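Subject: Model handover

Hello,

Here is the model you asked for, with the sequence alongside. My notes on what turned up in it follow below.

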Amino acid sequence: MNKGQIDRLIGQVSKPVRYMGNEYNMVEKDPASVEIRFAFAFPDVYEIGMSHLGMKILYHLMNEREDTYCERVFAPWPDMETKMREANLPLFALETKDPVSEFDFLGFTLQYELSYTNVLNMLDLARIPLLARDRTLDDPFVIAGGPCAFNCEPLADFLDLVALGEGEELIGDLLDVYKQWKSEGGDRDAFLLRAARIPGIYVPKFYDVEYMDDGRVKAVTPNRDGVPSRVVKRVVKDLDRVYFPDRIIVPFMDIVHDRIMLEIFRGCTKGCRFCQAGMIYRPVRERSLETLLDLADKLIRSTGYEEISLSSLSTGDYSRLEDLVRDLMARHWSERVSLSLPSLRLDSFAREYIEQVQRVKKTGLTFAPEAGTQRLRNVINKGITQEDLSRSLTDAFGSGWNNVKLYFMIGLPTETTEDLEGIAYLARMAVDCYYGVEKSKREKGLKITISTSSFVPKPFTPFQWEPQDTIEELREKQHMLQKLLKLKHVDYSWHDPETSFLEAVMARGDRRIGQVMLTAWQNGARFDSWAEHFSLGRWMDAFTECGLDPYFYAYRKRDRDEVLPWDHIDTGVSKAFLWSEYMKALNEETTPDCRLSCTGCGVRRLGEGLC
Amino acid sequence: MRVLLEYMIGDRVRFISHLDFMRTIQRTIRRAGIPVAYSEGFNPHPKLSFGLPLPVGVTSSAEYMDIILSSPMDTEETKDLLNTHLPRGIAVTAAVGISPSAPSLMSLIKRADYRITLDTALPGLESGIQSFLQQAEIPYDKPGKKGVNRINIRDSVFSVEAGRDARREILVSMKTGGSSSVKPEVIAEKIAELAGVEAHVKMELTIHRTGLYMHYDGRWVTPLMLKEG
């Protein structure tokens with residue numbers, strides 16, 4: 001199919017610009033002039049995938065290499081999928097519109113579990129055999145990375161390789177090894193064996209999983225020589241030296257995060273016990289103020305973006321936040337470039353920042369106390385007090401904000417009715433804080449939004465042994481909150497507990513889940529993170545068909561000595577540390593920020609001087 | 001200083017919407033360092049105004065917008081700077097200074113010309129065009145926000161003729177704005193119907209806008225006529 005025909009087809013679907021490419025700063029190369037073609041895939045639609053910082057980094061990084069051309073591919077929306085299947089058009093990359101099956105690599109980033117069926121769908125649309133064992137030398141190597149790659153066992157049968165941890169250095173090693181293998185010749189396993197020796201590369205087929213009669217994992221053991229028994233994630237040591245693009249693609253369409261994302265640091269020292277990102281991205285490494293200001297200058301010039309956001313797990317913890325905000329505003333105010341500060345932590349929030357930020361743009365403020373009582377906040381180690389919240393809210397209202405969101409989780413370990421009542425108490429307190437501000441200083445039209453998500457126990461966290469609340473329990477809690485939060489100025493929104501349930505199954509799934517996923521996909525599952533496409537029934541049928549019990553994965557409490565399906569993956573944080581954090585949680589004991597003193601999580605093993 | 005820009009939208013970017021284009025031009029201006037004037041207030045936006053929005057999927061040889069500069073800049077320099085920083089597929093073809101008090105482009109532009117190309121040749125195309133022109137009343141149910149509205153689409157065109165490839169090309173000159181304005185494909189579909197194509201058959205069309213015009217001194221001219229001095 002030629003480009004004209006593809007264009008014709010694109011013209012018949014919703015939001016054709018998703019499939020058009022040709023954005024400013026898109027990299028153009030002659031495919032004949034490179035040795036490696038890499039299709040970087042995000043298993044969701046364009047406007048979500050293009051909002052992902054990791055993809056921007058790796059896309060431009062790979063394209064810095066003369067021997068490699070990295071292109072992009074996203075999940076076609078169902079109307080496009082239908083057209084493609086009708087027209088027999090295989091999945092193509094945005095840059096050249098060439099079929100991705102002709103590429104050397106197809107690399108997926110796994111950002112959330114509910115995107116997995118899109119991985120299968122994209123492989124199928126690309127006409128690449130779904131199962132890794134069915135692929136031949138004519139097929140690309142299918143690789144995955146991102147946070148969900150740490151427990152990608154549910155996808156293990158479909159992936160040739162998995163990249164664990166930060167990709168900037170790893171990807172170069174992998175491409176070098178690939179080139180060498182390609183020039184020497186050999187079968188697929190020959191490449192995979194070499195790749196498996198690169199630190200951070202996990203080749204699922206080189207590991208056998210044995211199960212016990214009751215369904216638990218008995219052991220995961222390498223089945224080849226020269227393959228590590230545990231694969232350790234890759235970590236970049238110095239963020240001032242590591243590659244960061246000074247130009248990024250500027251999409252035509254309005255994407256979810258349509259702005260410059262300035263990554264100010266990686267990792268988080270707070271140690272919230274529910275938070276997988278806070279555990280797997282350790283240790284904390286900051287970019288220097290000078291590097292950030294320089295990058296911001298270059299990125300504004302090369303993109304023309306009107307907004308910069310500071311990106312990290314906990315922006316308020318950046319050691320030079322005040323200087324950074326002040327300098328960025330001073331340099332770019334004349335060009336009307338605004339600054340947004342997401343995931344700002346309560347305890348580091350200061351009036352001065354609020355005032356700095358609103359000089360350009362005033363968006364809603366978000367706070368995440370996560371739990372309604374001090375007791376439960378101690379359990380999850382969220383070190384925010386009611387006084388912190390009250391002070392921050394009063395500051396915000398006094399500075400003219402009137403639209404505030406408070407995020408909570410329900411279904412947290414040890415949660416009781418009292419904790420739910422605590423959420424309503426904090427909502428009332430927020431209203432009181434507003435009315436406590438002098439009338440002349442506050443903006444009219446107060447709106448407090450309380451939003452609850454449902455807790456999903458994640459691997460590599462202290463709660464990895466915990467059962468999830470049942471769908472019914474979560475619904476009851478939501479009903480209770482609906483009643484409690486019928487308050488003036490207060491809106492309540494909540495997440496569908498059915499999707500949280502499937503997320504919990506997938507997050508702690510083992511390899512057997514792959515069969516279920518395949519079945520669900522064959523029965524039509526895709527875009528599971530989109531309410532309009534999600535069907536729990538389809539998944540429950542697939543579990544029945546495969547003879548597996550989803551409750552075994554979501555609702556079961558694990559023992560201390562149980563072999564977890566992801567125990568052969570090493571994030572640096574030790575299982576012993578996670579267990580001790582779990583025990584402290586149940587005792588309502590907190591653990592201080594590890595910037596204050598080392599809490600012995602184990603990540604120091606990954607390298608000298610890392611933290 | 002007010003600068004009028006004429007620009008083209010090429011094939012490789014033909015799926016961008018008018019909103020996409022507006023975002024793109026704002027970012028291009030920032031990349032290019034053009035001293036655009038900004039509005040006051042919490043959400044300052046650059047002072048730009050546009051002519052007739054281009055439908056998604058349509059390419060164009062001549063679109064128009066104007067921009068207010070906070071400090072003067074040579075029009076040729078403005079044009080060159082923008083072209084250096086525009087995405088491939090969009091290019092400024094002319095830039096002229098116009099009076100700050102000139103009416104808006106939106107209100108001045110009254111005519112849009114299109115070249116519509118059918119993917120597959122239609123032998124009766126010319127006779128379809130003839131019979132379109134011969135009729136005084138061609139009813140069409142135009143979808144609107146409050147249900148359909150019956151209009152006469154014969155009224156919405158100034159002229160129609162066959163193009164160089166008389167079995168595939170329609171050149172149509174259309175009125176813009178007003179309740180009788182329709183998308184160019186509506187005209188093409190009607191002509192095809194008059195040429196014997198059954199109404200439900202979906203035709204593959206390529207649509208290109210060849211120009212936008214305003215009425216001045218008894219003639220049709222392009223907005224570049226607004227050039228001062």
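This is a predicted model, and I start with the place where its chains meet. The contact between them draws on 21 residues from chain A and 21 residues from chain B. On the side of chain A that touches chain B, α1 (3-10) and α9 (289-303) of chain A each contribute at least two residues. By class, that side of chain A has nine nonpolar, four polar and eight charged residues.

Overall dimensions

Chain A contains 20 helices and 19 strands. Its radius of gyration is 24 Å, close to the 25 Å that the globule rule gives for 611 residues, so chain A is as compact as a globular protein of that length. Along the principal axes, the C-alpha atoms of chain A fill a box of roughly 75 × 65 × 50 Å.

Chain B has five helices and 11 strands.

The six-stranded sheet of chain A

Six strands of chain A form an open sheet in the order β2-β1-β3-β4-β5-β6, and the pairing is mixed. The edges are β2 (68-74) and β6 (201-202) of chain A; each has a single partner strand, so one side of each has no neighbour in the sheet. Val162(A) has Tyr202(A) in β6(A) as its bridge partner.

Helix α3 (residues 53-64) of chain A packs on this sheet, where it touches β1 (36-42), β2 and β3 (105-109) of chain A. The direction of α3(A) makes about 155° with that of β2(A).

Helix α3(A) also meets helix α6 (residues 167-184) of chain A: their axes come within 10 Å and cross at roughly 40°. With that angle, α3(A) and α6(A) are therefore oblique to each other. Their crossing is right-handed. On the α3(A) side the residues involved are Ile57(A), Leu58(A), Leu61(A) and Met62(A), and they meet Gly167(A), Glu168(A) and Ile171(A) in α6(A). The contact of α3(A) with α6(A) comprises five nonpolar residues, one polar and one charged.

The four-stranded sheet of chain A

A further open sheet in chain A has four strands in the order β15-β16-β17-β18, with parallel pairing. Here β15 (365-370) and β18 (490-494) of chain A are the edge strands, and since each has a single partner strand, one side of each is left without a neighbour in the sheet. From one strand to the next, the twist averages 20°. Strand β17 (residues 447-454) of chain A pairs with β18(A) in the parallel sense over five bridges. Within this pair, Ser451(A) has Ser493(A) in β18(A) as its bridge partner.

Helix α13 (residues 386-398) of chain A lies across β15 and β16 (403-410) of chain A and runs at about 170° to β15(A). The axes of α13(A) and helix α14 (residues 417-436) of chain A come within 9 Å, crossing at roughly 40°. These two helices, α13(A) and α14(A), are therefore oblique to each other, and their crossing is right-handed. From α13(A), the contact uses Leu389(A), Ser390(A), Leu393(A), Thr394(A) and Phe397(A). From α14(A), it uses Leu426(A), Met429(A), Ala430(A), Cys433(A), Tyr434(A) and Gly436(A). The contact of α13(A) with α14(A) has eight nonpolar residues, three polar and no charged ones.

Two backbone points to check by eye

Most residues other than glycine have a negative phi, and most peptide bonds are trans.

- The peptide bond joining Arg282(A) and Pro283(A) is cis, with omega about -5°. Pro283(A) sits in the loop between α8 (276-280) and β12 (285-286) of chain A.
- Phe527(A) has a positive phi, near 45°, and is not a glycine. Phe527(A) lies in the loop between α17 (513-522) and α18 (536-546) of chain A.

Regards

Definitions and conventions: Residues numbered from 1 in each chain as written. Chains lettered and ligands numbered in written order. Predicted model: local features only at pLDDT ≥ 70, side-chain atom pairs only at ≥ 80, totals over all residues. Contact = placed C-beta atoms within 7 Å. Nonpolar A, V, L, I, M, F, W, Y, C, P; charged D, E, K, R; others polar. Pairing = 2+ DSSP bridges. Axes fitted to C-alpha atoms, helices over the stretch in contact; angles between N-to-C directions. Parallel < 35°, antiparallel > 145°, perpendicular 65-115°, else oblique. Left-handed = near helix turned anticlockwise from the far one by under 90°. Rg over C-alpha atoms; globule rule 2.2 N^0.38 Å.
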